[in-house]
2 protein chains.
Amino acid sequence: MAKATKWVYFFGFGKAEGKAHQKMLLGGKGAGLAEMTNIGLPVPAGFTITTEACDAFYRSGSHWPTGLDKQIREAISKLEKKSRKKFGDDKNPLLLSVRSGAASSMPGMMETVLNLGLTDVSTEALARKTNNPRFAYDSYRRFIQMYSTVVCGMHKDVLESKLHALKERLGLRLDVEIPAEELKRLCAEFKEFFEQDQGFPFPENAYEQLKGAINAVFNSWNAPKAVTYRRVEKITGLIGTAVNVQQMVFGNMGDDSGSGVCFTRNPSDGSNEYYGEVLFNAQGEDVVAGIRNPLHLDELKRLMPDIYDQLLAVRAILETHYKDMQDLEFTIEQGTLYMLQTRNGKRSPRAVFKIAYDQATLPMLTKKEAARLVAKRYLPLRYSAVVTKPVLTKEEAIERVNAKDIERLFYPEIDTEALDEAHGEGVERFLNDHRLGMGINAVPGAAVGRAVFDAERAEERAAAGDKVVLIRRETSPDDVGGMSVAQGILTATGGKTSHAAVVARGWGKCCIVGCEALDINEQSHQMKVNGQIIKEGDYVSLDGSDGSVYLAELPLTLPELPNEYYKIMKWVDEVRTLGVRTNADTPADAAKAIEMGAEGIGLCRTEHMFFETEARRLAIQEMIVADREETRRKALDKLLPYQRDDFFGIFEAMNGRPVTIRLVDPPLHEFLPKTPEQVQRLSQATGVSKEAIEHRSEQLHEANPMLGHRGCRLAITYPEILEMQVRAILEAAVAVRAKGKKVKPEIMIPLVMDPKELRILEQKTREVADSILKEAGVKIPYLVGTMIEIPRAALLADRIAEAADFFSFGTNDLTQTAMGLSRDDAGRFLPDYVDADKAGIFPDDPFQALDQTGVGLLVEMGIAKGRQARPGLKIGICGEHGGDPDSVVYCHQVGMDYVSCSPYRVPIARLAAAKAVMAEGGPKKPSAAKKVAGKARSAAKKASKAVKKSTTSTKKKARTKKR
Amino acid sequence: MAKATKWVYFFGFGKAEGKAHQKMLLGGKGAGLAEMTNIGLPVPAGFTITTEACDAFYRSGSHWPTGLDKQIREAISKLEKKSRKKFGDDKNPLLLSVRSGAASSMPGMMETVLNLGLTDVSTEALARKTNNPRFAYDSYRRFIQMYSTVVCGMHKDVLESKLHALKERLGLRLDVEIPAEELKRLCAEFKEFFEQDQGFPFPENAYEQLKGAINAVFNSWNAPKAVTYRRVEKITGLIGTAVNVQQMVFGNMGDDSGSGVCFTRNPSDGSNEYYGEVLFNAQGEDVVAGIRNPLHLDELKRLMPDIYDQLLAVRAILETHYKDMQDLEFTIEQGTLYMLQTRNGKRSPRAVFKIAYDQATLPMLTKKEAARLVAKRYLPLRYSAVVTKPVLTKEEAIERVNAKDIERLFYPEIDTEALDEAHGEGVERFLNDHRLGMGINAVPGAAVGRAVFDAERAEERAAAGDKVVLIRRETSPDDVGGMSVAQGILTATGGKTSHAAVVARGWGKCCIVGCEALDINEQSHQMKVNGQIIKEGDYVSLDGSDGSVYLAELPLTLPELPNEYYKIMKWVDEVRTLGVRTNADTPADAAKAIEMGAEGIGLCRTEHMFFETEARRLAIQEMIVADREETRRKALDKLLPYQRDDFFGIFEAMNGRPVTIRLVDPPLHEFLPKTPEQVQRLSQATGVSKEAIEHRSEQLHEANPMLGHRGCRLAITYPEILEMQVRAILEAAVAVRAKGKKVKPEIMIPLVMDPKELRILEQKTREVADSILKEAGVKIPYLVGTMIEIPRAALLADRIAEAADFFSFGTNDLTQTAMGLSRDDAGRFLPDYVDADKAGIFPDDPFQALDQTGVGLLVEMGIAKGRQARPGLKIGICGEHGGDPDSVVYCHQVGMDYVSCSPYRVPIARLAAAKAVMAEGGPKKPSAAKKVAGKARSAAKKASKAVKKSTTSTKKKARTKKR
């Protein structure tokens with residue numbers, strides 16, 4: 001070894017070896033302590049053992065790496081020297097805390113051991129030195145408890161029950177009331193039990209205690225809960241946890257002492273207020289445990305105004321320094337303030353916007369307040385300027401907001417406050433008792449309603465005023481009516497991209513899928529879950545945040561959008577250059593999408609309209625069972641007015657914004673009746689025999705419907721379907737125009753695989769459209785374009801572009817075909833492909849985040865070839881990926897004109913589009929006025945870039961992406 | 001119009017305006033007549049009206065183009081002048097024949113009108129001039145009949161019955177016996193009837209007759225039968241038919257006259273003999289109609305030795321000139337020979353080889369014979385050298401052979417000669433009476449056997465010695481046992497690429513699919529066809545050449561390969577550079593394939609083996625229903641010896657040739673039991689409950705199995721399956737080696753979509769393989785490669801190549817995924833895409849001929865990127881396309897190392913590969929010895945070419961291909 005590895009980073013006494021940016025090496029907590037030390041804040045001295053040491057520990061089979069022991073001993077010597085205390089001493093013992101701290105905070109890891117270094121001898125010394133035996137033995141008792149449970153894995157209740165028994169015997173309510181003698185006896189009892197239980201005596205050597213605690217932290221890195229957490233949260237690239245060893249300060253040394261936790265702003269609504277609690281004469285863990293009621297910081301202001309002022313200065317310094325709201329821990333030891341932790345604080349989605357906006361518009365302190373704190377020497381003079389200005393730029397404020405924050409902003413949630421009020425500490429047990437099972441949290445939010453097991457019953461009950469939750473084995477387009485009236489949707493099968501999930505996501509409606517515990521009996525309108533029968537009408541609640549299903553009527557809260565959301569989204573729109581449209585099939589969806597900031601419709605699916613009423617359903621079914629063109633045309637004539645009305649409503653709602661309408665796409669058999677009753681009704685309505693209907697169903701059955709007779713292939717076989725739809729679109733457009741409104745229809749031909757195929761249908765479309773416009777005597781500019789959703793279409797995009805006014809990448813199907821991967825079936829094996837602990841072949845589910853490595857090559861080729869043949873070709877995307885932030889950034893980078901996504905994902909896409917611009921070095925033209933002019937230019941630039949990119953794409957990918 | 005278009009090409013009197021190569025303009029017949037005239041052969045003078053005139057006729061709405069009338073009249077003047085006769089004359093009338101003649105011969109078009117120009121007046125003149133009233137009125141009678149039926153569309157029987165009645169009345173048997181007076185009366189009767197029927201008198205003006213006949217020829221170009229024929233035979237690019245107008249010569253002018261047709265060689269076995277017939281005192285149509293028995297050419301030799309010698313010279317001249325066997329028509333008019341037609345003759349597949357080989361090795365005439373004919377002035381002196389040398393080179397002989405010839409060579413056929421003997425003229429009616437229906441002729445050949453409606457019964461009956469035809473609604477892998485013992489396979493559904501068709505094609509077994517008339521009842525072991533019940537055991541015959549199904553036991557003939565086949569295929573192998581392997585799953589297949597010339601196995605499907613016996617089926621099913629790895633491994637242990645034995649047999653059969661084994665590919669549910677009985681048996685064998693088996697089946701059901709949990713995805717989920725298969729392969733290899741034989745296993749991982757996915761499986765494969773070799777203490781070089789059959793794999797081929805020793809393009813699945821087209825479902829709409837009269841989007845069914853325009857881009861990209869990363873990477877193809885000639889040529893062009901196809905297509909692929917070399921300008925190294933050395937060099941060259949090709953592929957395609 002050329003140079004010894006540095007495993008230990010010292011901090012304290014005004015100087016730290018570590019820095020804030022060394023989170024990966026020192027963990028979040030360690031980096032925070034080092035940084036606070038360097039800033040000059042009062043931090044108890046100590047040292048951080050690096051994550052690399054943890055990694056080395058694992059690599060060597062649980063041995064400390066060479067040099068670690070020596071470096072730890074040196075650090076302790078330094079602590080002893082500076083503090084004039086001695087570790088494990090019988091006169092003036094040095095006491096330590098040991099805390100884990102990875103780069104990301106991570107539940108399931110060992111957290112804290114306090115008062116380490118106490119032994120029978122040093123506790124006695126502490127009692128003598130502080131002249132406070134109760135304090136000393138209470139500290140010792142706490143240490144033994146913590147060490148036993150946290151380091152040695154003893155069950156928490158075992159020792160806690162002994163403490164409890166003692167209090168009962170003495171007739172006491174609070175720990176602080178137990179006299180010193182009794183505590184001393186309790187410590188002895190604890191230690192005796194420890195030896196019995198563990199088979200060796202409680203360590204009486206301080207350094208041995210420390211070694212045990214450090215190893216416990218190392219080991220906790222791979223505790224099952226921590227591993228699971230990392231997998232679920234997709235935390236990768238971390239090598240281990242750091243260990244923070246710090247000199248103890250005591251909040252439990254009397255009424256001039258205390259411990260507190262606080263946020264520099266209100267984390268639940270983002271208010272610009274100091275938000276926290278303090279508990280006098282207590283150690284940090286007591287605040288968290290909630291044994292006594294802590295006091296609000298305002299009380300601290302009243303009781304210890306100087307400490308409060310110091311904390312005010314700390315708040316201003318740290319927020320200015322970190323440019324973000326901080327989550328702080330502090331201890332007051334006999335009137336002296338010590339900072340124990342700073343980290344970016346978790347906050348509610350509302351608070352994300354409020355805080356980011358405030359930080360970009362308001363200073364931390366008024367000049368007056370700053371001057372006062374400077375005068376008191378709590379605030380260093382060098383901060384007086386910065387703390388009186390906003391800490392963030394608009395762009396930085398945008399960066400503070402994430403897709404998940406927007407998402408969470410719109411979903412109702414289980415009202416945990418109301419539950420708290422109702423059940424107090426028993427909330428968790430209450431929820432556990434009522435939890436029926438867990439499924440896949442396909443769409444977050446929450447829903448409460450009466451269980452209903454079929455879609456028609458759902459509609460009936462909803463019409464009668466019930467709130468219902470629709471529960472199905474799996475859903476089909478037939479269920480859409482029932483789904484639309486349900487509060488939430490629950491299925492026994494399927495994954496995040498199953499029919500239920502996709503439809504629900506479009507509506508922003510809570511949906512849990514793949515809840516395998518459900519055994520649904522649709523005939524008898526009930527289900528069995530682990531032996532329990534749930535009948536129609538029973539209340540169930542869905543928690544889409546974690547996939548829990550409860551047999552209970554839980555309270556919900558509905559979010560109200562904060563003003564700051566609108567303000568920041570306005571900044572977002574000023575920055576972004578990528579257009580954001582929506583996928584919407586109804587006037588209501590369209591209106592919702594405009595509210596969410598959509599600039600047009602990028603995908604209007606015409607087939608969903610067919611399911612809306614019985615009459616429509618029958619008409620489309622009649623069309624399908626028709627055995628010749630003539631009868632087919634008759635059925636289509638019935639559908640025409642419905643479609644025209646729908647388009648009219650959508651055009652009106654969109655008020656001149658572009659509306660891209662996709663012609664019918666799914667295979668015809670999807671529309672056919674499934675149950676004998678439905679067949680019966682269709683037979684009655686059409687006069688076609690049941691046998692003939694069943695025969696037709698069988699005829700239309702496909703081995704691989706995804707690759708079957710669908711999309712524009714239907715229009716090649718049955719041109720009359722296309723004619724009817726184009727007629728409905730243009731007649732609606734003419735009617736809207738007649739009302740003096742603007743209308744911009746864009747007709748989109750799906751599933752094209754060949755230039756000639758598109759040319760045939762494009763010409764047919766223009767024929768019908770032009771004849772209607774000619775007849776009406778109006779000019780309405782309309783576009784005819786195509787989806788690029790089959791590899792062959794991307795490969796031949798240059799020739800396809802000759803017949804297309806625009807391209808819209810259907811990346812759902814493009815992913816399926818390019819990867820040979822059925823979205824409906826991938827659930828059985830794709831999780832292993834994505835799971836880093838299994839095969840770990842893909843970084844993400846390719847149906848959620850666009851596979852840029854593979855499918856992306858086709859997208860880039862499609863864009864480059866398309867624009868080669870037709871410069872300035874308008875190009876968008878309308879798959880699910882249009883609402884995925886990473887994918888939106890990608891769409892910006894490859895030069896698309898717009899993305900289209902479901903209404904609730906529109907703000908997410910807007911945000912991602914803005915971030916994409918900033919990632920390229922910020923907006924070139926921040927003024928919204930210049931945006932439009934700039935767009936044409938940048939589109940041209942993008943196109944030529946895309947061509948270049950495509951031809952050299954292989955090399956580039958290899959260089960720029962690591963998978 | 002700057003220069004008048006030339007619509008009419010004159011020929012005759014030793015000189016013609018047209019040339020042999022002007023087939024497109026003059027039609028085949030016209031070009032032949034022009035060429036024969038120019039060569040100096042005796043051709044009655046005349047003229048050809050061009051196909052362009054026909055085209056102009058259609059374009060203008062059935063009007064003659066400007067100039068046509070004038071040019072025709074000029075040509076007739078010329079004929080009149082040179083022949084000193086006059087058209088429609090009452091003294092010395094010029095008589096004409098009118099014949100259609102497109103570039104390809106085409107049934108359904110108007111064929112011939114003879115004796116045109118005869119009227120009441122001119123017939124009388126002819127009678128006078130020839131002093132042969134019987135001849136004159138017989139000619140007139142024929143003309144009226146022909147004109148009425150052929151030009152005016154009257155039914156043939158109408159006038160024929162009058163002729164018949166006349167003969168009956170006179171008590172005569174032959175036409176020639178009818179006296180002139182009766183014929184004259186008959187003519188009058190015909191004309192009277194004509195006027196009644198048509199509403200206008202029979203044209204008495206010769207030029208009017210001619211106009212009518214020419215228009216009739218033009219119109220017949222678009223007669224339904226002709227249109228259908230062009231569609232079925234995929235004849236495109238023709239603009240119309242030519243019309244040949246020629247001075248009449250008469251074979252019916254007495255016993256010194258006659259008409260004949262002949263082939264320059266025997267068209268049915270290819271023997272080098274003059275093969276034809278002559279009928280004295282008859283016109284050409286009499287020979288064809290078979291009214292009197294014609295005489296063999298030998299009789300002519302005896303009766304008219306000079307004419308025969310002239311014909312011998314004609315034969316030598318024309319074969320030398322056209323370098324191919326000719327189909328001739330001639331007439332002898334009062335001792336003078338006239339040639340009326342020459343064209344390349346149709347021949348049996350045997351004859352194709354025999355003739356091509358003979359033409360490349362033997363001269364037409366011996367020197368002595370040539371000298372004799374020169375001496376008699378029948379053979380011009382300039383021919384004496386060329387006719388005594390072989391007319392073809394080896395390469396030209398290869399060019400003469402086509403894929404279809406090879407294909408037809410191997411299939412049994414309905415023995416029409418035997419039928420002829422049995423039924424005489426009633427053959428056609430006999431076949432019609434027994435035809436149950438028509439299906440799609442998926443695999444040609446013929447089959448006869450007893451009808452059986454399920455696979456197990458087929459096996460039972462076959463074991464009992466019955467020949468059976470398996471009839472199913474559709475087949476599944478479960479049926480493979482029954483299919484393998486059947487003589488032929490017939491299904492009610494499916495297309496040319498359905499399971500039945502693909503499997504049967506692999507075996508070269510006659511198969512008719514999609515025969516929709518069949519209403520099969522599998523339970524009652526019978527079917528209903530148009531009301532008729534066919535029971536198990538009834539004899540049926542399949543004619544795979546046209547898709548006919550007969551309820552009869554028809555006689556078959558089995559082909560015997562001619563020696564010349566082997567000789568020419570040897571030349572083929574000397575020329576080609578592309579390797580040809582086979583798809584084979586059993587030792588028997590492997591042996592067959594070697595016989596067919598395969599150089600290795602390119603695809604050994606391991607899953608077909610699982611169906612071979614009940615024990616194997618149960619073992620694989622047990623593996624699938626296993627609910628945990630342990631039980632799965634136990635079931636796999638049972639399979640191991642079966643697989644090992646199979647591989648052992650195949651390795652032995654291939655005797656050191658490379659064997660590419662694909663690991664298990666289809667989704668597991670394909671192996672599961674389908675019927676309740678099968679479930680019952682599996683339950684008994686495994687102890688797994690029926691419910692559990694059914695549940696597992698349901699669990700494994702997939703929405704789109706093609707894109708589902710199959711291929712290497714199974715190996716990712718269940719690595720133990722891969723382990724078992726690799727173990728079986730290597731243990732078999734070790735065992736073969738132990739017998740002192742060579743073995744070259746190549747393990748192929750299917751359905752790869754990602755480099756990491758392949759790397760994981762490749763490493764697992766090597767681990768298992770190496771451990772077995774190490775244990776056995778032998779070194780057997782083996783390869784691990786992958787299939788490229790998903791677009792993403794082609795797109796990422798550079799990175800995939802890093803883990804692959806070889807690529808094999810699975811173009812079946814690549815076509816499905818790249819085009820988003822399910823092979824199983826495309827039958828409902830793809831025909832419209834391929835049919836030029838419907839949408840006409842694709843030139844060919846992309847599952848039969850590789851879609852070079854689209855899918856080809858992925859293939860080229862895959863090759864270029866693969867070899868970029870790994871120069872010299874071995875690349876092949878193993879989809880159905882490997883046996884399609886055009887696709888094989890493509891594989892050669894893009895630089896693949898080999899193609900692999902089913903055994904019976906191996907010779908076809910070899911031939912195509914040779915033709916591909918010749919298309920590039922002939923073999924550079926004709927010696928087989930130098931081939932191997934040359935191969936390495938050319939592979940390298942191809943790779944760099946492929947890279948270049950891929951990067952500029954878009955432009956290149958646009959330039960070189962017209963779709």
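This is a predicted model: local features need pLDDT of at least 70, side-chain atom pairs count only at pLDDT 80 or more; totals for chains, interfaces and linings use all residues.
Chain B can be superposed on chain A by a rotation of 180° with 0.2 Å of shift along the axis, and the RMSD is then 0.3 Å. The two copies are thus related as by a two-fold rotation axis. Both use the same surface, since 100% of the contact residues of chain B recur in chain A.

## Nonpolar cores

In soluble globular proteins, nonpolar side chains tend to be buried together. Here the largest nonpolar core has 282 residues. The residues with the most contacts inside this core are A:F651, A:M896, B:F651 and B:M896. Setting aside neighbours within four places in sequence, A:F651 is in contact with A:G656, A:V659 and A:I661, and also with A:I729, A:A732, A:A733, A:V736, A:V743 and A:P745.

Another core, of 69 residues, lies apart from the largest one. Among its residues are B:F10, B:I72, B:M110 and B:I214.

## Helices α17 and α18 of chain B

Helix α17 of chain B covers residues 416–423, and helix α18 of chain B covers residues 427–434. Their axes are 9 Å apart and the packing angle is about 105°. Angles of 65 to 115 degrees count as roughly perpendicular, and α17(B) and α18(B) are therefore roughly perpendicular to each other.

On the α17(B) side the contact involves B:L419, B:D420 and B:H423, which meet B:V427, B:F430 and B:L431 of α18(B). By class, this contact has four nonpolar residues, one polar and one charged.

## Helix α4 of chain B and the residue after it

Helix α4 of chain B spans residues 120–130, and its buried residues are B:S122, B:T123, B:A125, B:L126 and B:A127. The elements that cover them include β5 (93–94) and α5 (133–151) of chain B.

B:N131 follows α4(B) and lies in the loop between α4 and α5 of chain B. Its phi is near 55°, a positive value in a residue other than glycine. With a relative accessibility of 68%, B:N131 counts as exposed, because the cut-off for exposed is over 50%.

B:R377 is exposed, and its relative accessible area is 77%.

## Two buried residues of chain B

B:T586 sits in the loop between β27 (579–583) and α23 (587–595) of chain B. Although in a loop, B:T586 is buried, with a relative accessible area of 17%; the cut-off for buried is under 20%. Not counting residues up to four places away in sequence, B:T586 touches B:E612 and B:I650.

B:G30 is placed in helix α1 of chain B, residues 23–39. Its relative accessibility is 0%, and B:G30 counts as buried. Beyond residues up to four places away in sequence, B:G30 touches B:T48 and B:N244. B:G30 and B:V894 are 864 residues apart in sequence and 40 Å apart in space, C-alpha to C-alpha.

Definitions and conventions: Residues are numbered from 1 along each chain as its sequence is written. Chains are lettered from A and ligands numbered from 1 in the order in which they are written. Side-chain values use heavy atoms; hydrogens and water are left out. Axes are lines fitted to C-alpha atoms, for helices over the stretch in contact, and angles run from 0 to 180 degrees between N-to-C directions. Helices (H or I, at least four residues) and strands (E, at least two) are DSSP runs, numbered from the N terminus. Angles under 35 degrees count as roughly parallel, over 145 as roughly antiparallel, 65 to 115 as roughly perpendicular and the rest as oblique. Contact means heavy atoms within 4.5 Å. Ala, Val, Leu, Ile, Met, Phe, Trp, Tyr, Cys and Pro count as nonpolar, Asp, Glu, Lys and Arg as charged, and the others, Gly among them, as polar. A nonpolar core is a set of buried Ala, Val, Leu, Ile, Met, Phe, Trp, Tyr and Cys residues joined through side-chain atoms within 4.5 Å. Buried means under 20% relative accessible area, exposed over 50%, partly exposed in between (1.4 Å probe, protein chains only). Copies are superposed by least squares on the C-alpha atoms of residues with pLDDT of at least 70 in both.
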